[in-house]
Amino acid sequence: MSQFWSPAVQALTPYVPGEQPAERVIKLNTNENPYPPAPGVGEVLREFATDHLRLYPDPTSHALRSALAENFGVEPHQVFAGNGSDEVLAFAFQAFFCHGAPLDVPTITYSFYPVYAKLYGIELRQHPLNEQWEVDLDALVEAPSRSGVVFANPNAPTGHAHSLAALEALLERVTDHVVLIDEAYVDFGAESAVALTQRYPNLLVTGTFSKSRSLAGIRLGYAVGSRELIEGLERVKDSFNSYPVDSLASRVGIAALEDSAHFEACRERVITTREQTRRRLEALGFEVLPSKANFILAQHPAFDGAQLFAGLRERGILVRHFNKAGLENFLRISIGTDDEMNSLIEALESLIH
């Protein structure tokens, strides 16, 4: 602790991202896409005129927002673009949940939510997952006075996703506060709630280019919602940083959105490999939770999760282990290429046999 830190900073417990090793390893710990971005992204990078970098980007990100709007079938004024979905989420927490009332979230979900809550002085009211390791939507709905509701769909790190009908049933019951659905992983088999934003003005859906668009290194995120919610995000953005999306990132994002064939092909490859890996892990005796994301959460009843994590690390394979109640025996495994997943299975076979 430093004497120069404010009390608020001293009280923070920052989010801890997955390890980013310098050495060459099989990296299945941060849910990155194993396949490269759309070919058009490479063309943008090769042809981008460096002279553009001396100028500020468009503070409204109009071209990118228009491309996102066309992709989702909404109007550009219903779309917000930011420097990764983490930044968009942070703006949303500040814009909508600082009301002096609890924010309802699942106990096991994206671990950045408690960090934002602490940063902005928001009380979290956490609700356990149900017996099937699913976000308990009924518990979120039935909670008393609140500032809002936040959950990921598919949930991280469990991978379960609720149907569109279940999400709409929640929105029918929560009408007086913002419901934020984090769809970072929705493209790997779940149903997006974006269409519901047209009927429910309190619904905000966030997403990212990092996963299904293979652009974790460029930092692009977005939100879709009613104009009043998007305007709230814009007010926070313009009070913090008027230029969050740089010129190059915007053009790269547009190129990725334009190539739907590449997007679909990569998405399907990840889904196919995920299901193959699930079956192979189950054959080794692992319990694997159903997943609609680009990762799976698995545990073995006869082996300690931390030991398996360490054994894989020694063999040059990184997965994610959460030292958290309820998750201590699980490994979260990002879906890589078929060759990478073959190496994972071979390593696990050597560890448990």
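Colleague: How much space lies in the largest cavity?

Modeller: About 50 Å³. On a 1 Å grid over the protein atoms alone, a cavity is a set of points where a 1.4 Å probe fits but cannot get out; lining residues have an atom within 4 Å of a point. Points are joined across faces, edges and corners, and the volume is the space filled by probe spheres set on them. This is a predicted model: local features need pLDDT of at least 70, side-chain atom pairs count only at pLDDT 80 or more, and totals for chains, interfaces and linings use all residues. Residues are numbered from 1 along each chain as its sequence is written, and side-chain values use heavy atoms, with hydrogens and water left out.

Colleague: How many cavities of 30 Å³ or more are there?

Modeller: The count is 3.

Colleague: Back to the largest cavity, which residues line it?

Modeller: Among them are Pro 36, Pro 37, Arg 213, His 262, Phe 263 and Cys 266. Helix α10 (residues 260–283) gives the most, with 3 residues; helices here are DSSP runs of H or I, at least four residues, numbered from the N terminus.

Colleague: Is Cys 266 buried or exposed?

Modeller: Cys 266 is buried, because its relative accessible area is 4% and buried means under 20% (exposed is over 50%, partly exposed in between; 1.4 Å probe, protein chains only). Cys 98 is partly exposed, at 39%.

Colleague: New topic: how many disulfides does the structure hold?

Modeller: It holds 0 disulfides, counting a pair of cysteine sulfur atoms within 2.5 Å as one.

Terms used:
1 Å grid on protein atoms, 1.4 Å probe; cavity = no way out; pocket = protein on both sides within 12 Å on 5 of 7 lines; lining within 4 Å. Helix = DSSP H or I, 4+ residues; strand = E, 2+ residues; numbered from the N terminus.
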